[in-house]
Every structure is written in C-alpha cells, then in structure tokens.
Amino acid sequence: MAKQTEYAILVEPLADADGGGWLASVPALPGCMGDGETREAALADVQNAIAEWKDAARQLGRDVPSPAALGQWRQRAPRSLHEKLKIIAAREGVSLNAFVTSVLAEAVGKKSA
C-alpha cells in the first residue's frame, strides 16, 4: 500500500495511445507526477516523485509549497436535505460533518474510478 501524503493526488487512467496504465499527479507541485500499471503502482511512484520534486526545489533555492490547509467551506442546503442528512448521520453514529465528508469522498472516488 502506498504511503499517505498530505498533498492532494489526482489519479487518472492513461489512454491506450499514451501507453495505458494510470497517472498520479500532485497539483500543488507543478510537474510532479508518477505512473504505473495499476492505481496503487502510480500512487507508489508519485510518492518518490514528491520526495524528488521537493529535494530538487530545495537544491535550486526555491520554496516548497506546503500541503493545502484543511479544506473548509460553508454550504447552504435546503432545510429538508439538512434534516435528512442529520437523521442519517445520527443513525450511523457520526457527526453531520463526518457523514457529509464520507458521502462526498465516496462520490468523488466513483467518479475517478
């Protein structure tokens, strides 16, 4: 399993014309990417790329961007939706924020698969 990183990583399939497999990129570190035959291999490869990118930036005297701060936004929702989400979160035994984060993460995961 790939080591966790604080940087957001985008993993996308590569077209057959580009050799197939998967590409993992780090938007906070321009040009930092890794690839592999599987998603897991691409994630492992990008971990090495992150370390190399940061090392090269330091050697060149450039700033290394810090990982993005904890994401936060305010979202207005219809009262009926808010109430339904609260009920489901309570059934699951988690906070409303934890439940909504989980639902969003699952939806984004399905979109990127």
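**Reading the calls in a predicted model**

Colleague: What makes helix H2 (residues 79-92) close to its expected span?

Modeller: H2 has 14 residues and reaches 20 Å from its first C-alpha to its last. The expected span is 1.5 Å times one less than the number of residues. That expectation is 20 Å here, so H2 comes close to it. Just after H2, Gly93 takes a positive phi of about 75°.

Colleague: What ground rules apply?

Modeller: This is a predicted model, where local features need pLDDT of at least 70, side-chain atom pairs count only at pLDDT 80 or more, and totals for chains, interfaces and linings use all residues. Residues are numbered from 1 along each chain as its sequence is written, and side-chain values use heavy atoms, with hydrogens and water left out.

Colleague: How many helices and strands does the protein chain have?

Modeller: The chain has 3 helices and 3 strands. Both are DSSP runs, numbered from the N terminus: helices are H or I with at least four residues, strands are E with at least two. From the N terminus on, the order is β-β-β-α-α-α.

Colleague: Why are E1 and strand E2 (residues 22-25) called a pair?

Modeller: Pairing needs at least two bridges found by DSSP. E1 and E2 are joined by 4, so they pair. They run antiparallel. Glu12 stands opposite Leu23 in E2.

Colleague: What makes strand E1 (10-13) and strand E3 (33-36) edge strands?

Modeller: The open sheet of 3 strands has the order E1-E2-E3, with antiparallel pairing. E1 and E3 each pair on one side only.

Colleague: Which strands does helix H1 (residues 39-59) touch?

Modeller: H1 packs on the sheet and touches E1, E2 and E3. Contact means heavy atoms within 4.5 Å.

Colleague: Why is Ser25 called buried?

Modeller: Buried means under 20% relative accessible area (exposed is over 50%, partly exposed in between; 1.4 Å probe, protein chains only). Ser25 has 16%, so it is buried. Ser25 is found in strand E2. Leaving aside residues up to four places away in sequence, Ser25 touches Ala8, Ile9, Leu10, Cys32 and Met33. Across the protein chain, buried residues make up 18% of the 113 residues.

Colleague: How do you know that Arg39 lies over the face of Trp22?

Modeller: The rule wants NZ of Lys or CZ of Arg within 6 Å of the ring centre and within 35 degrees of the ring normal. Arg39 is at 5.1 Å from the ring centre of Trp22. That distance is within 6 Å, and Arg39 is listed as lying over the face, so the call stands.

Technical notes
Axes fitted to C-alpha atoms, helices over the stretch in contact; angles between N-to-C directions.
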